[in-house]
Amino acid sequence: MAEKPIKAQVKLQLPAGAATPAPPVGSTLGPHGINLPGFVKQFNDATAKDKGLIIPVVVTIYGDRSFDFVLKTPPTAILIMKALGLEKGSQKPNKEKVGKITKAQVRQIAEQKMVDLNCTSIESAESMVMGAARSMGVVVID
C-alpha cells in the first residue's frame, strides 16, 4: 500500500487532558480540514494521566484529511516549575531567585526529557536542564 501524501505538519503546545476545539487548536488545525472534535478527544484521552502539564504535540495531516500525532515530553521549564511548585520563573533571573532545585531533581527531569533532547549522555542532558533552571532564576544546589 502506498503511503498517504503529507499535507502539513503542525506543532502545538496544549494542556494535557484539557484541550478544546477553540483556539489555538481550532484556528491552527481548522484550515487543514481535519476533524477537530476527533483530534481533541484522542489528544485528551492520550494525555489524561498528565493533567496540569503542557504537552507539545506534532500533528501530521494527510491529503485525505486524516491525521496522526506524536506526543513529546513537557518543556523543561514546566517540569522545573512543577518540581518546585512555582507559578512562573523570575522576571529578572540574574537578580531575583525564585527557588532552589537539587541535583537529584535535575537528574530526574533530565532522564524524563532524554528522549526528546539531542544529546547522548545524561550528563549533557543535566547541563541543559541546569541552564534552563538558571534562565528561570532557579538556583541548582547539591
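**View 1. Ser66 and its polar contact with Asp64 in the predicted model.** In this predicted model, the side chains of S66 and D64 make a polar contact with each other at 2.6 Å. S66 belongs to the loop that joins β2 and β3. Leaving aside residues up to four places away in sequence, S66 also touches K4, T60 and I61.

**View 2. The open sheet of three strands.** The sheet is open and is built from 3 strands in the order β1-β2-β3, with antiparallel pairing. Its edge strands, each of which pairs on one side only, are β1 (6-15) and β3 (67-71). From one strand to the next, the twist averages 20°. In general, the strands of a sheet pair through backbone hydrogen bonds, in either a parallel or an antiparallel arrangement.

**View 3. The pairing of β1 with β2, and the helix that lies across the sheet.** Strand β2, which comprises residues 54-62, pairs with β1 in the antiparallel sense over 9 bridges. Within this pairing, V10 stands opposite V59 in β2. Helix α2, formed by residues 36-47, lies across β1, β2 and β3, and runs at about 25° to β3.

View 4. Helix α4 spans residues 103-113, and its residues V106, I109, A110 and K113 are buried. These four residues lie on the same side of α4, because the arc that they cover around the axis is only 100°. On the face of α4 that is turned away from its buried side, A104 and Q108 are exposed. The buried residues of α4 pack against two helices, α3 (76-84) and α5 (122-135), and against two strands, β4 (99-102) and β5 (138-141).

View 5. T76 has its place in helix α3, which is among the elements that the buried residues of α4 pack against. T76 is counted as buried because its relative accessible area is 16%, which is under the 20% limit used for that class. When residues up to four places away in sequence are not counted, T76 touches I109, K113, V129 and A132.

Definitions and conventions:
Residues are numbered from 1 along each chain as its sequence is written. This is a predicted model: local features need pLDDT of at least 70, side-chain atom pairs count only at pLDDT 80 or more; totals for chains, interfaces and linings use all residues. Side-chain values use heavy atoms; hydrogens and water are left out. Buried means under 20% relative accessible area, exposed over 50%, partly exposed in between (1.4 Å probe, protein chains only). The arc is that of the directions from the helix axis to the C-beta atoms. Contact means heavy atoms within 4.5 Å. Two strands pair if DSSP finds at least two bridges between them. Axes are lines fitted to C-alpha atoms, for helices over the stretch in contact, and angles run from 0 to 180 degrees between N-to-C directions. A polar contact is a pair of N or O atoms within 3.5 Å; within protein, one must be able to donate a hydrogen and the other to accept it, and residues adjacent in sequence count only if both atoms are side-chain atoms.
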